[in-house]
Amino acid sequence: MTRQNIAERGEAENRPPGGAAPAAASVYDSGLGRLRGRSAETTLLTSLLLDPHERLITLTGPVGVGKSRLAYAAVTALTRDQATPLTLVDLADEPDVGVLWHRLGAETAEEVADHLGHRDMLLVLDNCDPLVSVIAMDIAFLLRACQGLNVLATSRRSLDIRAERIVPVRPLPTDVGSASVEVFTDALRPYYHTALTGSEGQRTVAAICAELDGIPLAIEMAAEAVGTHDPWAVLVRLREGNYADRRRLRDVPDRHRSVADALRWAEGDLTAADRRLLHSLVVFEGAVDLPAARVVGELDVERAALGVESLVHKSLLLSVDGRGGEPEFRLPHMVRIHYRKELLRDAERARHVYDRFLAYCLDFARRTLDGLRGGADRAELLTAVRDRMPDLRQAVRLLGERGDNDRLLGLLTALAEPLLSHGLGEEAADDIERTTAAPGMGGVPAAEALMSVGCWALNRGETERAERVLDRATELTVGEPGAAARVSGLTGELLRRRGEMDTAATWLESAIKELDTLDDPYGAALARRSLALVRVARGDATAEEPLQRALNELPGRPAGAPGQAGRAVPLIRADLLIALGRVRRELGRTREAYDTVREAMRLLLTVGGPADVAEALETVATVAGAEAADEQRAVARCLAAAEALRRRYGLISDDLTAVRTLDQRLREGMDSAALRQLRAEAQQSGLRDALIVGLFARPPVTREVAPRAAEWLTPRQREIALLVADGLTNRQIARQLSISEWTVVNHLRVVMQKLECTSRVHVVRAMQGAVP
């Protein structure tokens, strides 16, 4: 049944004296069959219309969300099943109260009440946005006077009378295969459908729909732009704020010809305060909360709250789920782009608003850094950064375009840890390098920012990049002994990861001496951590001493320096404990190693990042007992969680030999299907879940390390094992035996398997027990 049939049926059965003309057919008549993703809402609305207690139902929502289509679909379903007297008035083209009463065969609301009396009627007022404030009290009067009258209204804003039941019409879901994608496909010209073949085309369309917030009108406009532009080009243009200016279908109403037309229609109820606040909020790419609206809009709490409420009421601002239950709001893409263009026409006003936006972003970055250093809830802070990423990236771009390198570096430095260590913005590394290379940039802040990039690069195995940024940091710290010593300490860590143990030890010992002299316990602690790992790799029994001293000297107050030395003290302590666990494992004191790493993991529950958590999981897995089947499963779960984190954040392990040895044992002792299942489960785990898995790993079985018979080794293997026992590195052994270092590595791996050793230290002890 078409909308015209519905109107004629209602008018014929119950037309007030004077007779109302049948409602004009809407552009959406032909689109009723294309109502996508609204079946549940249609059913709900139909049930509400049948409820005698629901006298006034108002469908509200942003422009183009599909309020009219939903109303017509529900009315069609209702009148198909029962004879419902109905009058439908579309106020889109003639928003005049006199026209409304004339359509109802009268001159005033009082005459309508006299004509209608107590007879039943469903009055559908479509697109009544321009008349809401004018007709609201008249509708309230009619509902009181006419007990058989029910009203269904569609409007971006509600009528705000007591009888009203507000039903928000939500945007459509936007994932692949969703109703939004179907709307896009319906609106695409048939001869361009080849652009959607294949999964890549579908993903691009889903991205377009997500960019447009799942609003059908915007999606239809985007689909009509596909032709000379492919879907990907349309997506790029949308992200740049450009809606394609294409000729729409001939029978599309004027108010839906463009985004600007759609938003200008019924704009009469926008106050000057509404428009000022809109022009302030359009600078945000993501969601905004009340404090953000206050800062950028330069409003006090009460005016900001009233302003936000007014925009929400007019469906120009959507309420979304915020962090911790706090309310947050988001401008639909169409609204943001339209009013941003308005703002940019006033260059002076736009400059001022963007200045306020940058001040807000810089203050947010400083508060985040203070929270990370002060031991605040790390997960909550990182979630806040993740949620603000679109705006932070915009702030970086704006500061770069303005050449404001000092503030840009301040923003990047304050957010270096979440941006780099937590995979929230890999472009930040490029931004920091580019900014610190600008003319006039230098000093300790720039060097500390580069150290953050260097540490990030090391965790990803990008040693060449780490070397490049540390060389630049060294240049910037000339005349700054404290910063220079911290750079030297990180350079020593780079050399350690490269396997250049002797050179690394020299750099680290020099850095520690300088940092001790300058009374920098934080920088000295990190350098001592690296030195301990160098010593244990060389089979040095004193490897534990630097870590014990660092833990004893580490103050309890938050670290004050930026960059790596400015991390929260609990995180530095956790890193030291993980390293101590590794050292004790290599020295054969596995139970002590287990207890030490568990202590670190408890600290990481609140301060841990992916690299720290992955290393802790690997360490606890390699020290835990895994002889019985259930023990193997617990250890495999730890290792799978660590592997999942490393894959997710692009990190590499710094403990490869022990991890690979354990992984091989698990592959040999466990069912392959069970291992695959554990890895699949680990992909869904967050940092805290992964740590809890590690905390449930069982302690190792205490046993004496029995020396193995040296006769199990071939002559070459025995020769290499004895040189290891003498304290030589792989490179030194290769030179002495005139073989490649890779050959030494392969022989040593077999030696460790035959002697059941997990480290070079164990090889030393086994050979010392085998040789008189």
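Predicted model: local features only at pLDDT ≥ 70, side-chain atom pairs only at ≥ 80, totals over all residues.
**Note on charge pairs, burial and helix packing**

1. Aspartate 363 is partly exposed, with a relative accessible area of 33%, where partly exposed is the range between buried (under 20% relative accessible area) and exposed (over 50%), computed with a 1.4 Å probe and protein chains only. Because they stand four residues apart in helix α16 (residues 347-374), aspartate 363 and arginine 367 are separated by about one helical turn. An α-helix has 3.6 residues a turn, so residues three or four places apart point the same way.

2. Residues are numbered from 1 along each chain as its sequence is written, and side-chain values use heavy atoms, with hydrogens and water left out.

3. As to the overall picture, the secondary structure of the chain comes to 38 helices and seven strands; helices (H or I, at least four residues) and strands (E, at least two) are DSSP runs numbered from the N terminus. Of the 772 residues in the chain, 54% are buried. Contacts, meaning heavy atoms within 4.5 Å, were also examined by sequence separation: among those between residues at least 6 apart in sequence, 72% join residues at least 24 apart. The chain has an accessible surface of about 33,600 Å², and carbon and sulfur atoms account for 50% of that surface; the areas come from the Shrake-Rupley method with a 1.4 Å probe, and for residues only the protein chains shown count as cover.

4. The count of salt bridges in the model comes to 55. Aspartate 516 and arginine 549 make one of them, with their closest N and O atoms 3.6 Å apart. This pair links distant parts of the chain, since aspartate 516 belongs to helix α25 (residues 501-517) and arginine 549 to helix α27 (residues 544-553), 33 residues apart. Aspartate 516 is partly exposed at 30% relative accessibility, and arginine 549 is partly exposed at 40%.

5. A further pair is formed by glutamate 586 and arginine 585, whose side chains meet in a salt bridge at 2.8 Å, N to O. Both glutamate 586 and arginine 585 are buried. Through salt bridges that share partners, Glu493, Arg496, Arg497, Arg529, Arg582, Arg585, Glu586, Glu615, Asp654 and Asp655 are joined into one network.

6. Arginine 535 is buried yet has no salt bridge, and the nearest side chain of opposite charge, glutamate 545, is 4.3 Å away; for charge, Lys and Arg count as positive and Asp and Glu as negative, while His and the chain ends are not counted. Leaving aside residues up to four places away in sequence, arginine 535 touches Glu509, Asp540, Thr542, Ala543, Glu545 and Pro546.

7. Helix α27 has Glu544, Pro546, Leu547, Ala550 and Leu551 as its buried residues. Seen down the axis of α27, these residues fall within an arc of 165°, so they line one face of the helix; the arc is that of the directions from the helix axis to the C-beta atoms. The buried residues of α27 pack against α26 and α28 (569-586), whereas Glu545 and Asn552 are exposed on the other side of α27.

8. Most residues other than glycine have a negative phi.

9. Finally, a search of the whole structure finds zero disulfides, a disulfide being a pair of cysteine sulfur atoms within 2.5 Å. Cysteine 146 is buried, with a relative accessible area of 0%, and cysteine 361 counts as buried at 3%.

Definitions and conventions
Salt bridge = Lys/Arg side-chain N within 4 Å of Asp/Glu carboxyl O.
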